[in-house]
Each structure stands twice: as C-alpha cells, then as structure tokens.
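Open the model in your viewer and keep the selection tool ready. The tour goes stop by stop.

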Amino acid sequence: MPINKASKALIIWLSILALAIANGLFREAILLPAFGAPSAFVLSGLLLSALIIGVAWVSLPLLTRRRIQ
C-alpha cells in the first residue's frame, strides 16, 4: 500500500522534531559543560541546521513525482 505525500511529509517532520529534541539533550548534557553557554548554543544551532539539511536531502526522493517511462 503506497503512502501518500501528506503521510510522508508528516514522517519527515516528526523525524526533524526528534532530531531537534535529541540536539537539545546533546547540548544540555555535552556541549554546555564542555564549552559554556555562548559556544554551546552556536554549535547546537549549527548542528541542528546540518541535521535538518541532511534530512531534507535524504527525503527529497520520497517527495518527488516519479516519471513513468
């Protein structure tokens, strides 16, 4: 049974949400004690940006229309 685009988009959004929560936990547990607040927040923001771009890159084939040849 094929999954429609709305379901795929919801799965992708929920995966980004899970990564954002994991990023926050990583920031609080590892980055803040190691680097202090200003650096930890910058590193966390850069890491989350990279993760979101990675999810978008991986999920693009799931959302594109396939050609019938």
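Stop 1: Select Glu28. Glu28 is partly exposed, because its relative accessible area is 45%; buried means under 20%, exposed over 50%, and partly exposed in between, with a 1.4 Å probe and protein chains only. This is a predicted model: local features need pLDDT of at least 70, side-chain atom pairs count only at pLDDT 80 or more, and totals for chains, interfaces and linings use all residues. Residues are numbered from 1 along each chain as its sequence is written, and side-chain values use heavy atoms, with hydrogens and water left out.

The side chains of Arg27 and Glu28 meet in a salt bridge, 3.5 Å from N to O. The term stands for a side-chain nitrogen of Lys or Arg within 4 Å of a carboxyl oxygen of Asp or Glu. By this rule the count comes to one salt bridge. Side chains of opposite charge can pair when their charged atoms come close. Arg27 itself is buried, since its relative accessible area is 18%.

**Stop 2: along H1.** Select residues 5–35, which make up helix H1. Helices are DSSP runs of H or I, at least four residues, and are numbered from the N terminus. Stay at Arg27: H1 bends there by about 40 degrees. That bend is the angle between axes fitted to the seven residues ending at a position and the seven starting there. Color the buried positions of H1: Ile12, Asn23, Gly24, Arg27 and Leu31. They pack against H2, where contact means heavy atoms within 4.5 Å. Just after H1, look at Gly36, which takes a positive phi of about 90 degrees.

**Stop 3: Asn23 and Ser44.** Which side chain does Asn23 join through a polar contact of 2.8 Å? Select Ser44 to find it. A polar contact is a pair of N or O atoms within 3.5 Å; within protein, one must be able to donate a hydrogen and the other to accept it, and residues adjacent in sequence count only if both atoms are side-chain atoms. Ser44 sits in helix H2, residues 37–63. Ser44 counts as buried because its relative accessibility is 2%. Asn23, in H1, is buried too, at a relative accessible area of 4%.

Show the surroundings. Apart from neighbours within four places in sequence, Ser44 is in contact with Asn23, Arg27 and Leu31. With those neighbours again left aside, Asn23 is in contact with Ser44, Leu47 and Leu48.

**Stop 4: Phe26.** Phe26 also belongs to H1. Is Phe26 buried, exposed or partly exposed? Phe26 counts as partly exposed because its relative accessibility is 35%. Not counting residues up to four places away in sequence, Phe26 touches Leu31 and Leu47.

**Stop 5: Ser59.** Move to Ser59 in H2. Ser59 is buried, with a relative accessible area of 7%. A polar atom of the Ser59 side chain lies 2.8 Å from the backbone oxygen of Val55.

**Stop 6: the nonpolar patch.** Finish on the surface. Select Leu10, Trp13, Leu14, Leu17, Ile21 and Leu25, which form a nonpolar patch with about 620 Å² of accessible area together. Patches are made of residues with over 30% relative accessible area and no salt bridge: like charges are joined within 9 Å, nonpolar side chains (Val, Leu, Ile, Met, Phe, Trp, Tyr) within 5 Å. Accessible areas come from the Shrake-Rupley method with a 1.4 Å probe; for residues, only the protein chains shown count as cover. Zoom in on Ile21, which counts as exposed because its relative accessibility is 51%.

Methods
Helix = DSSP H or I, 4+ residues; strand = E, 2+ residues; numbered from the N terminus.
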